[in-house]
Amino acid sequence: MGGVTQGFLQSTPASGSLIGVGPIIRRDTRNDALGAHSGSISSFAATFYPGSLGTYAFSYYELDQRSHFELGSRTVLAVEGYGVYAPGHVPLIDMPALGGGSRLRGYFQGRYRDHLYVMGQFELRVHVAWRVSMAPFAGVGNVFPSISAVSLNDPKYSGGLSLRCALKKDRDLNAHLDVAWAPGSYAPAIYFNFGEAF
């Protein structure tokens with residue numbers, strides 16, 4: 001399920017221009033934007049690309065919900081639900097793409113693309129000792145050609161482990177090394193980054 005068809009590639013211009021505009025609505029109740037222990041952030045963005053102002057005519061809707069739950073003084077559960085819908089004549093590079101270093105780690109970002117991408121994931125951040133913590137994580141999602149095509153068939157899922165080190169003693173700003181695995185991948189994917197994955 002999901003993926004871009006050969007017919008789509010043949011009908012898409014090799015180059016073009018984009019001009020888009022739209023609103024962003026956000027509500028943030030996290031106790032710390034760098035490393036939240038509690039609270040949530042909810043955001044919705046809608047961007048419209050009229051064909052009269054560029055080569056492509058489409059819309060781009062993005063919904064993101066992240067919640068954090070403190071499970072004692074040393075453990076935080078982070079949960080995210082995410083969706084992107086892009087109806088219309090969308091250039092390939094702007095089509096919703098599954099995978100990457102933040103969502104469904106383990107899949108190469110862009111391996112699966114289509115007009116609709118939905119996913120959910122969690123991460124359990126457990127303090128180990130000194131500035132070191134570990135976080136097992138897992139997620140599931142998929143891409144679809146339309147809302148009506150959404151199904152539970154052939155889900156894409158991945159999981160792994162993150163090794164984290166706080167860069168400051170009094171703030172949860174972490175450097176983290178993530179090792180993730182996804183079915184069909186030849187080897188685990190490795191990511192190194194600063195801050196939280198989500």
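**Exercise 1.** Is D154 buried, partly exposed or exposed?

*Solution.* Keep in mind that this model is predicted. First, find the residue: D154 lies in the loop between β8 and β9 (156-168). Next, take its relative accessibility, which is 43%. Buried means under 20% and exposed means over 50%, with partly exposed in between. D154 therefore counts as partly exposed. One more detail to spot: phi of D154 is near 50°, a positive value in a residue other than glycine.

**Exercise 2.** Now try W130: is this residue buried or exposed?

*Solution.* Start with the place: W130 is in the loop between β7 and β8 (132-144). Its relative accessibility is 69%, so W130 counts as exposed. Phi of W130 is also positive, near 50°, and W130 is not glycine.

**Exercise 3.** Work out how the rings of Y82 and Y117 are arranged.

*Solution.* A pair of aromatic rings is described by the distance of the centres and the angle of the planes. By the pairing rule, there are five aromatic pairs. For Y82 and Y117, the centres are 6.0 Å apart and the planes stand at 70°, so this pair is edge-to-face. Then look at the strands: Y82 belongs to β4 (residues 75-85) and Y117 to β7 (residues 116-129), so the pair ties together parts that are 35 residues apart in sequence. Both Y82 and Y117 are buried.

**Exercise 4.** Find a charged end that sits over the ring of F137.

*Solution.* Look at R105: its charged end sits over the F137 ring, 3.7 Å from the ring's centre. For a second example, go to Y112, where the charged end of K156 sits over the ring, 4.8 Å from its centre.

Key: Residues numbered from 1 in each chain as written. Predicted model: local features only at pLDDT ≥ 70, side-chain atom pairs only at ≥ 80, totals over all residues. Heavy atoms only, no water. Phe/Tyr/Trp six-rings, centres within 6.5 Å; stacked < 30°, edge-to-face > 60°. Helix = DSSP H or I, 4+ residues; strand = E, 2+ residues; numbered from the N terminus. Buried < 20%, exposed > 50% of the residue type's maximum accessible area, 1.4 Å probe, protein only. Lys NZ or Arg CZ within 6 Å of the ring centre and 35° of its normal.
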